[in-house]
Amino acid sequence: MRRSTQALAGAVVVGAAGLAYSYWEAQAYTLRRATTAVLRPGQRNLRILHLSDLHLVPGQTKKQDWVRSLRELRPDAVIVTGDFLSHQDSVPHVLDTLDPLFDVPGAFVLGSNDYYAPRPLNPARYLSGPSQLEPKRPMLPWGDLVDGLTTNGWLDLGNTRATMKVDGREVDVRGVDDPHISRDRYGDVSGPFDQAADLTLGVTHAPYLRVLDAMAADGADLILAGHTHGGQLCVPGVGALVTNCDLPRSQAKGLSSHRGSALHVSAGLGTSPYAPVRFACRPEATLLTLTAQD
């Protein structure tokens, strides 16, 4: 009996320590740096700040201050791959947080959590496969978010294609609305990218294979995505257990290759307010340095 009691007490202590660490790690904001050779030969480097999954809630001043400080990196462009919001009153806080970056060319897509309010989630269901959206969840003021971002000069890439001027160069860019809730309409923007452009760029929130395959087939040099949280609760030495979509776990975060295109999936900066923990997967923003191909 004594050994059983000691084992139970030890398990409780270890569990409590792990939970405390996971809560701390969820606020251990980290800047990642990555380099990929996707530019035409002879081009000078281009630096893209990739942000994703802020899941901002009023009062998260540490996260807001950290994101504001990224302006010091002097990126050439900012791309945000969705899930800005996690609260009905978050929009002005998001715009205030991103304000120092609005003088940099930028573009964005939305994620499911920009449309619908978060709710408590059974972790077992999350581990069993991609989460399902319940249509009865309250809507968030995503229209106000889009208005605020576009008024400040950033491009809304939801099922849209456009040309961005970045550091004096031409970027042929297209994006889709969130595939996780079936709002993507890639057919509206499909077709070969402009190979005369200095960079061809695809943007999506959730990196579902149907979207990645189509963008790669059309000639995207680089595809940016978020949504996965890098797995959020990872196993050291193993990595992500889930991606919350059909992307392989080995590509849950960071740089990889997808059918000839470079793919960068951000582990993001936030969590659901109902699961404010991370383990072996720190919240991140990434400064991507694009270099010339040989």
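Contact here means heavy atoms within 4.5 Å. The model is predicted.

Q: Which elements do the buried residues of helix H6 pack against?
A: Helix H6 spans residues 142-151, and its buried residues are Leu145, Val146, Gly148 and Leu149. They cover an arc of only 165 degrees around the axis, which puts them on the same side of H6. The buried residues of H6 pack against H3, E4, helix H4 (112-115) and E5.

Q: Which residue with a positive phi follows H6?
A: Phi is positive there, near 100 degrees. The residue is glycine 153.

Q: Where on helix H2 do its buried residues lie?
A: H2 runs over residues 61-69, with Lys63, Gln64, Trp66 and Val67 buried. Seen down the axis, these buried residues fall within an arc of 165 degrees, so they line one face of the helix.

Q: What covers the buried residues of H2?
A: The cover includes both strands and a helix. Among the elements are E1, strand E2 (46-51), helix H3 (91-98) and strand E14 (284-292).

Q: Which strands stand at the edges of the sheet?
A: Six strands form an open, mixed sheet, in the order E1-E14-E2-E3-E4-E5. Each edge strand has a single partner, so one side of each lacks a neighbour in the sheet. The edge strands are E1 (30-39) and E5 (155-156).

Q: Which residue in E4 stands opposite valine 80?
A: Strand E3 covers residues 77-81 and strand E4 residues 106-109. The two pair in the parallel sense over four bridges. Opposite valine 80 stands phenylalanine 108.

Technical notes: Residues are numbered from 1 along each chain as its sequence is written. This is a predicted model: local features need pLDDT of at least 70, side-chain atom pairs count only at pLDDT 80 or more; totals for chains, interfaces and linings use all residues. Side-chain values use heavy atoms; hydrogens and water are left out. Two strands pair if DSSP finds at least two bridges between them. Buried means under 20% relative accessible area, exposed over 50%, partly exposed in between (1.4 Å probe, protein chains only). The arc is that of the directions from the helix axis to the C-beta atoms.
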